[in-house]
Amino acid sequence: MGEFRLLWLNMEPHTEGGFYKSSFDSSENISSNELRTKFEGERILWTSIYFLLRDGEISSFHRLKSDEMCYYHAGSPLSIYMISPNGELITRQLGLNAKNGEVPQFLVPKNYIFGSAMNSSRYSLVGCMVSPGFDFKDFEIFERATLLNKYPQHKEIIIKLTK
């Protein structure tokens, strides 16, 4: 089933782990003059992708200068781990089983360090909308030593979501 979804959506490997496919982009741009966050040049107003993790895969800890809204689509729940700018670890389950604390959509605020993991079998297909739109210039992936040095209290999850 997972391989079918990769082919069906024509997905490709993502730098952070898992697979993605761009789905929609805004036709408008925005400059940092209208925002509190400073960017070099203009950005697309928003971008949206499909994102897939399979059994045992992770999305490595990374950070964006933009908010990212995640939407559950199919499969097993996806665990999202965030480290806030003040060092608090926050965990959310993206899925449809409210009795188990899952939510169908969740916002990862800009400047949070975050990653995700499959903690159950099968796969998880989600949508991710970034505003201002995603640009690799605003994407920062973290090495294990850097995060362990800064947040030793989160050692277990840092080891899980870094290389």
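How do the residues of the lining of the largest pocket divide into nonpolar, polar and charged? There are 14 nonpolar, seven polar and four charged residues in this lining, where Ala, Val, Leu, Ile, Met, Phe, Trp, Tyr, Cys and Pro count as nonpolar, Asp, Glu, Lys and Arg as charged, and the others, Gly among them, as polar. The structure is a predicted model, in which local features need pLDDT of at least 70 and side-chain atom pairs count only at pLDDT 80 or more, whereas totals for chains, interfaces and linings use all residues. Residues are numbered from 1 along each chain as its sequence is written, and side-chain values use heavy atoms, with hydrogens and water left out.

The largest pocket holds about 370 Å³ of space. A pocket is defined on a 1 Å grid over the protein atoms alone as an open set of points where a 1.4 Å probe fits, with protein on both sides within 12 Å along at least five of seven lines; lining residues have an atom within 4 Å of a point. Grid points are joined across faces, edges and corners, and the volume is the space filled by probe spheres set on the points. Of the 25 lining residues, His14, Ile49, Glu68, Cys128 and Phe134 are the closest to the centre of the pocket. At least two lining residues each come from β2, β5 (47–54), β6 (58–64), β7, β8 (78–83), β12 (113–117) and β13 (123–131); strands are DSSP runs of E of at least two residues, numbered from the N terminus.

His14 is situated in the loop between β1 (12–13) and β2 (19–25). With a relative accessibility of 12%, His14 counts as buried, a term that denotes under 20% relative accessible area (1.4 Å probe, protein chains only). Beyond residues up to four places away in sequence, His14 touches Phe19, Tyr20, Phe51, Phe136 and Phe139, contact being defined as heavy atoms within 4.5 Å. A polar atom of the His14 side chain lies 3.1 Å from the backbone nitrogen of Glu16.

Ser26 occupies the loop between β2 and β3 (29–31) and likewise counts as buried, at 12% relative accessibility. The side chain of Ser26 places a polar atom 3.0 Å from the backbone nitrogen of Glu28. When neighbours within four places in sequence are set aside, Ser26 is in contact with Ile44, Leu45 and Trp46.

Four bridges connect β7 (residues 67–75) with β11 in the antiparallel sense, and Phe106 in β11 is the bridge partner of Cys70.

Three bridges link β6 and β14 in the antiparallel sense, with His62 opposite Ile141 in β14. The antiparallel pairing of β8 with β9 (residues 89–94) extends over six bridges, and Ser79 has Gln93 in β9 as its bridge partner. Five residues lie between the strands in the hairpin of β8 and β9, where Gly87 takes a positive phi near 95°. By contrast, β9 and β10 run parallel and are joined by two bridges; Leu94 stands opposite Val103 in β10.

How values were computed
Buried < 20%, exposed > 50% of the residue type's maximum accessible area, 1.4 Å probe, protein only. Polar contact = N/O pair within 3.5 Å; in protein donor to acceptor, adjacent residues only side chain to side chain. Pairing = 2+ DSSP bridges.
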